[in-house]
Amino acid sequence: MQDSPVFSNDTIVFGIIMLCLGFVFYTSAIKTGFWNKFYKVVPSVLMCYLLPSLFNSFGIISDETSNLYFVASRYLLPASLVLMTLSIDLKAVFNLGPKALIMFFTGTIGIVIGGPIAILLISLVSPDTVGGVGPDAVWRGLATLAGSWIGGGANQAAMLEIFKYNPEKYGGMVLVDIVVANLWMAVVLLGVGKSNKIDKWLKADNTAIDDLKNKVIAFTESITRTPTLSDYIMILAIAFVAVGVAHWGAGNISDFLTSNFHAVSDKTSALASFGSQFFWMITIATLIGIGLSFTKFKNYEGAGASKFGSICIYILVATIGMKMDIFKIFDNPGLIAIGLVWMSIHALLLLVVAKIIKAPYFFLAVGSQANVGGAASAPVVAAEFHPSLATVGVLLAVFGYAVGTYGAIFCAYLMELASKV
């Protein structure tokens, strides 16, 4: 592996990303022969994720030298949320019932108990892997993973401040976070293509989800028209004016809260995540989309608003894929093993509870990603089922930000106890 990628110019890197997306969409549209059989096994969205990861793994491009993920997550993600929420039936979203929340909190519990159980299991094979004293104690580093996998980046930073893990070793934990979380997202996306079979095994009731999708489809069909240039300009104007407002509001709210409330400005506080501009940006963009869904702007869905939103989402998926380097799985096998066991416990608990309450795979997948991936990936997974469902992913991810620090602190204390057994 080389230290610097072949291409570090983001204009070229973006061209490669779009080449990946173009290849996937072109081949997935072929309804005969090899590609037809291939995409029946491997979902197209998973390929949009994996191809950029291969370019990254072989040193052709690199997330470390690129700003594309930042651009996609800060500009295209909020734009997609506005456009996908434009035609939402909010009442139908609430009619989805309590199973979405149950699966979300099941995912949270899976992360909280998965950490200490993983430490106990790995300690039987390799005690040194879960050892360390003082700032070098492995459980302190794993606490940052708990923050990331329940809430997000702000919660992860809070855990680093609270438990004072050795900053020189923190990079290793970030690596585990990226490798394990991205592998799990690949598994979740693979399951999307098999969701009907999984739902049959779970004996799940998809009635409420189907009702929501059917309402949106029926509404879209009733207003569908041949779009004009004016329509396209208006769709982009709605999206990016909303993005501008979301960024402006997020900056002001974050500055106000951190300046006036010590609990928010203190990085060791459980409320520190509410000082995150990203959190407020996502929240405001979603609220704007919901607000516009009660106006005539929702009729722009008939000109393809959600399709523009989907384009933004797929570009985001590809930039997330850029973060994964498949060769780094072997860099620190002990810590990676802890992460894999930890995530397996999270997944197993979700499957068990979904089977008991007969929850559809949609709730399992989105409930998991609202924890592990947060607002950047939960809407991606939700929208893969149907663009109208992206809002569900965002709403659950907001819960993740709210409970992330509390859950991670509890998990950290359990991991400390487990490391001393």
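What follows is a short chat about the fold, core and a few residues of this predicted model.

Reader: What radius of gyration does the chain have, next to what a compact globule would have?
Author: The C-alpha trace spans about 65 × 55 × 50 Å along its principal axes. For 421 residues, a compact globule would come out near 22 Å, and the chain agrees with that. Its radius of gyration is 21 Å.

Reader: Which residues touch the most other members of the largest nonpolar core?
Author: That core holds 138 residues. Helix α9 (residues 167-192) gives the largest share of this core, with 13 residues. In soluble globular proteins, nonpolar side chains tend to be buried together. The ones touching the most other members are Tyr49, Leu142, Trp149, Trp342 and Phe362.

Reader: Take Phe362, then: which residues is Phe362 in contact with, leaving aside neighbours within four places in sequence?
Author: Phe362 is one of the core residues that touch the most other members. With its neighbours within four places set aside, its contacts are Ile209, Ala382, Phe385, Leu389 and Val392.

Reader: Is Ser148 buried or exposed?
Author: Ser148 sits in helix α7 (residues 138-150). Not counting residues up to four places away in sequence, Ser148 touches Gln156, Asp177, Asn371 and Val372. Its relative accessible area is 8%, and the cut-off for buried is under 20%, so Ser148 is buried.

Reader: Why does Lys164 count as exposed?
Author: Lys164 is in the loop between α8 (153-163) and α9, and its phi is positive, near 50°, in a residue other than glycine. Exposed means over 50% relative accessible area. Lys164 therefore counts as exposed, because its relative accessibility is 51%.

Reader: And where is Lys358 found?
Author: Lys358 isn't a glycine, yet it has a positive phi of about 55°. Lys358 is partly exposed, with a relative accessible area of 43%. Its place is the loop between α16 (333-357) and α17 (361-372).

Reader: What about charges: how far apart do the centres of the positive and negative sets lie?
Author: There are 25 positive and 23 negative side chains in the chain. The centres of those two sets are separated by 11 Å.

Methods
Residues are numbered from 1 along each chain as its sequence is written. This is a predicted model: local features need pLDDT of at least 70, side-chain atom pairs count only at pLDDT 80 or more; totals for chains, interfaces and linings use all residues. Side-chain values use heavy atoms; hydrogens and water are left out. A nonpolar core is a set of buried Ala, Val, Leu, Ile, Met, Phe, Trp, Tyr and Cys residues joined through side-chain atoms within 4.5 Å. Buried means under 20% relative accessible area, exposed over 50%, partly exposed in between (1.4 Å probe, protein chains only). Helices (H or I, at least four residues) and strands (E, at least two) are DSSP runs, numbered from the N terminus. Contact means heavy atoms within 4.5 Å. The radius of gyration is taken over C-alpha atoms; the globule rule is 2.2 Å times the number of residues to the power 0.38. Lys and Arg count as positive and Asp and Glu as negative; His and the chain ends are not counted. The place of a charge is taken as NZ of Lys, CZ of Arg, CG of Asp or CD of Glu.
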